[in-house]
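Please look at the sequence and the model first, and then read the notes below.

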Amino acid sequence: MFFLSPATPSLILLSKLFYRFKLFMDLGIKDSLANALKQSRYHAKRCFDRFTSRGRRLVKPQELIYAIEKTIDDELERTKVLEGSLGQILRSTQEAVVIPPYVVLAIRGSPGRWDYLKVNADDVTVHAITPTQYLALKESIYDKDRLKSEDTVEVDFGAFDFCMPRLTLPSSIGNGFNYISKFTTSKLSGDLENAKPLLDYLLALNHRGEKLMINETLDTVSKLQKALIVADVYLSAHPKDEPCRTFEHKLKEWGFERGWGDSAERVKETMKMLSEILQAPDPCNMESFFSRLPVIFNVVIFSIHGYFGQSDVLGLPDTGGQVVYILDQVKALEEEILLRIKQQGLNAKPRILVVSRLIPEAQGTKCNEEMEPILNTMYSHILRVPFHTSKGILPQWVSRFDIYPYLERFAQASLILCLTCIEMEDAASKVLEVMECKPDLILGNYTDGNIVASLMAKKFGVTQGTIAHALEKTKYEDSDINWKKFEKKYHFSCQFTADLISMNAADFIITSTYQEIAGSNKRPGQYETHAAFTMPGLCRVVSGINVFDPKFNIASPGAEQSVYFPITEKEKRLTSFHPAIEELLFNKEDNNEHMGYLVDRTKPIIFSMARLDTVKNITGLTEWFGKNKRLRSLVNLVVVAGFFDPSKSKDREEMAEIKKMHELIEKYKLKGQMRWIAAQNDRTRNGELYRCIADTKGAFVQPALYEAFGLTVIEAMNCGLPTFVTNQGGPAEIVVDGVSGFHIDPNNGDESSEKIADFFTKCKVDVEYWDQLSQAGLQRIYECYTWKIYANKVLNMGSMYGFWKQLNKENKQVKQRYIDILYDLQFKKLAKTIEIPNITTPVKTEPTKQRQQPKTDAPNEPPTVVAQEPVHPPRTMSSSRSMRLSSMTNAGKPLLVFVSVLIVVYASKNLYRYFK
């Protein structure tokens, strides 16, 4: 067996001790199962004999319960077993491996807690086994020789985290920021010199070479503490609202630099927080203090797949909610950064850069433009970098499943674009010309953006956050064990490896919901499924990610309040869109934008909007509606999804779903009661469309088989629409069932359609019921789901996790070397197996037209630091960068070769060290 494990024997030993300790701790569940089998030995043996009678196989949880129900004839005995310990344990079992005479159970007692128990069906005895042993047995279902094989690659990240602090309660998962605040507080308490790491962190703060907060005058904790006392006395004599510029020269004499605040009151408050931290550290004080530190000015965000643009892109392949999420995220982050800069008393200009792919064949969008200002922002832009092959630039769209061969060179190209325009020896310290310095924070999105973010964050040594949006492993059942079956179409081997790398490389992980991390009591979360899994013949992941890791945080996005506002705000209604929406909903003539018609316009409308793929389950909703006569008598159905003509789609799943939609409309004769509208790209009009549906006293339905978050749910609730949301994933957290909306089971269409019908029946009886649900939904949004709350959380994470990274520097470095091996030996090798199209264009792009910077007329414009002009792209960005691209095959080639040689030398040096 080839064990891809830590380089040092001591860490390997720690790993083994960890699993032995875990087995010892697992005696509780083992004994519970053993006692339950003894108490019901006769029935238990019959059940387990039933399991083994069908030979080697993988058994799903519902089959385990079904076996008990079919084996035990007596109803009282059956109820006793099902409600007893045996029934509870089997209900907690996520899957079972059957290798006669053994039945091996993977038991999930609670979120994040897994036990692996092997039951001998002959004598009904129980033995605990390790994740490694379980995965080996699971592999043998598909290949009997796997148990004897010794050349299996094992991936074990758990050994590196053995000595790292971890949360313990499932209910605490996702509260990593609060946890590290408490843990850091405990590390700084006690002796005054324990605060030396915090002093070093403050001394390192600077912006573009300008020292912030403190300088080398305060080079000991004792000096800092004394200076804070002196400054407090001095500031007490000044009016609270006195600007900091009037006394900052005096503070500098004592070792204090700018950044403490914009007024005497705020400077004093911030200094008091630090003074109290040095005397008696408190987690709340720690969080408040770090939220005030001038740490983040420049942010780089990676979103690579699909068509990333501000208009005419939604509905195109691989292009949906993620684009909307990032554009709104950028606006919120810029607004919050500007506010913080003002409150810190600084005169700095933030920069936010969204790095995406440049697509020459842009389908009428602006995705072939290199630089594009982001609307309603002052300092944010989109930078697009093309995919390169050995023959030139790839012109066409590439599926997110086929994107991996281009990513490393994409990251290099992004770097080269930065390096070639900087006339300095230390190029890595000055990253992007547009920023004029390296970023303070890098955020990745989805698998491709996260892996590139990991490469760039490692290169520049900056704090990295990742956002999965959707981990494909949970969307396709058994996609790990059956990876070879899916490989040609989806390349899951690349994707799952890339996800593991970015998860473990990230300093913090942003999720929208708890379920995204750790699921529910019945279903594992997206990240939790990466804790232990196997891809037979490729690798066995015995410890991929730990959901109790404090890097996990929940920061739920919101919806753009200027676009998605309630129907009750009548003065803001966008009535200019009403004629177009009227035509969209009720015109009886089919065209390229809509088909089907609604005979009875007085009925409420149930409405859904999503991509037309299998997971979104729009065809499922259509079938529920078609089969439920009561529901059809109460409401009309309107869906916005995809194209009508399969030939217009390039996505395999979407083509199949389009055909299925046409079949369902014909099968259930839905014309007259259903309207199918093609994908709509105008967000502003979509906001008014939600409100027009609300005018009919309708509802929004989100029927996805699984949804990581559900941005459309937030949009609909913002507009005042009652919502019915899938109970599989994040929407179940957004909506409180029966209070601010309803949960529906996407796997039980009959039950779900009846629940929707019950709501509209009750609305007929109680005329105020619809309004009550509408207001409850709005209240839920205002309390938990706004971009203001989100931006504040993310910037606080960037600040706190930067310090956390410094505290755990050695562990981070060792883990990064392990990640490098996995990247070089597995990911790069797999990426090379994906076919690259022969269609390419010469390495050339048109010079980007200088576009007028949009006016910042957003309704909630943040206060500015001083009167200053919006930053346009520097004059060399568009012209010089386009020239560089067009000459990449000539002048750029030596640089590319040079950088490639450096990378090869670096990798070879490290690999030699490891294997030696």
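Lys60 and Glu95 are both buried, where buried means under 20% relative accessible area, exposed over 50% and partly exposed in between, with a 1.4 Å probe and protein chains only. This is a predicted model, in which local features need pLDDT of at least 70 and side-chain atom pairs count only at pLDDT 80 or more, while totals for chains, interfaces and linings use all residues. Residues are numbered from 1 along each chain as its sequence is written, and side-chain values use heavy atoms, with hydrogens and water left out.

**Salt bridges**

- The structure has 45 salt bridges, each being a side-chain nitrogen of Lys or Arg within 4 Å of a carboxyl oxygen of Asp or Glu.
- Lys60 and Glu95 form one of them, with their closest N and O atoms 3.9 Å apart.
- Asp549 and Arg166 are joined by a salt bridge at 3.2 Å, N to O.
- Asp549 is buried at 7% relative accessibility, and Arg166 is also buried, at 17%.
- Arg258 pairs with Glu210 in a salt bridge at 3.4 Å, N to O.
- Arg258 is partly exposed, with a relative accessible area of 27%, and Glu210 is partly exposed at 33%.
- Through shared partners, salt bridges link Lys60, Glu95, Lys138 and Asp478 into one network.

**Cysteines**

- The structure contains zero disulfides, a disulfide being a pair of cysteine sulfur atoms within 2.5 Å.
- Cys163 is exposed at 63% relative accessibility, and Cys284 is exposed at 55%.
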